[in-house]
Amino acid sequence: MNDPTDANDSAGPTPRDSHDHHSGLWSALVQRADALTATVGTGQGEDLHARRALIDFVHGDVLAHLKTEERVLYEAVREVGAHTLVATLEADHRFLLDLVEQVEKADTAMEAALSARALVVLFALRIEKEDTVVLRTLTEAGVDVTALLEGMIVQMATDYDAHFSYL
């Protein structure tokens, strides 16, 4: 992911709170996916607790984050006319949800772990897309990205603070 202090980024630095929030989500997601992967080959049913922890985290923290992004960030992107970009981000969200469902419905720990790994990669790419493409698009359109992201972080804290278990 981008270093929030990268002075060569034409969109400017990513506000620290946004970067920290993404880092916290991604780190917690990786930890849960690692725990699930560690159950592969340990015996039938050993993955159920790790699988549930991952699914609960995604349904709580990750989806809370994505819902706020949809309301705040995507609306700003729509307002600057970047409708194709919004459609791409919405497709990412659908794929993330599909992968969560695959983790839930997997017949084996191996299948669940593979879907969890794909989820981690897609989420990392999604964060990178937001930090490099979305924020640059908004900045180039004259949007005060720092104020927008600060408002989004406040909105997340207001709406979903109880969900963010990684804090």
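View 1. Helices here are DSSP runs (H or I, at least four residues), strands are E runs of at least two, and both are numbered from the N terminus. This is a predicted model, so local features need pLDDT of at least 70 and side-chain atom pairs count only at pLDDT 80 or more, while totals for chains, interfaces and linings use all residues. Numbering starts from 1 along each chain as its sequence is written, and side-chain values use heavy atoms, with hydrogens and water left out.

**View 2. Helix 2 along its length.** Helix 2 takes in residues 48-79, 32 residues in total, and its first and last C-alpha atoms are 43 Å apart, close to the 46 Å expected at 1.5 Å a residue. That expected span is 1.5 Å times one less than the number of residues. Look for the kink of about 40° centred on E70; the bend at a residue is the angle between axes fitted to the seven residues ending there and the seven starting there.

**View 3. Helix 4, another bent helix.** Helix 4 (residues 109-140) also has 32 residues, which should span 46 Å at 1.5 Å a residue, and the 45 Å between its end C-alpha atoms agrees with that. There's a bend of about 35° at E130.

**View 4. L73, tucked into helix 2.** L73 sits in helix 2 and is buried, with a relative accessible area of 0%. Buried means under 20% relative accessible area, exposed over 50%, and partly exposed in between (1.4 Å probe, protein chains only). Leaving aside residues up to four places away in sequence, L73 touches T68, E130, V134, L135, L138, L148, L149 and M152; a contact means heavy atoms within 4.5 Å. L73 and E130 are 57 residues apart along the chain, yet their C-alpha atoms are separated by 9.4 Å.

**View 5. The nonpolar cores.** The largest core holds 27 residues, and L29, L36 and V58 have the most contacts inside it. Helix 1 (16-37), helix 2, helix 3 (83-105) and helix 4 each give it two or more residues. A separate second core has 16 residues, including V77, A82, V134 and M152. A nonpolar core is a set of buried Ala, Val, Leu, Ile, Met, Phe, Trp, Tyr and Cys residues joined through side-chain atoms within 4.5 Å. Zoom in on V58 and you'll find it touching L29, L63, V100 and L119, not counting residues up to four places away in sequence.
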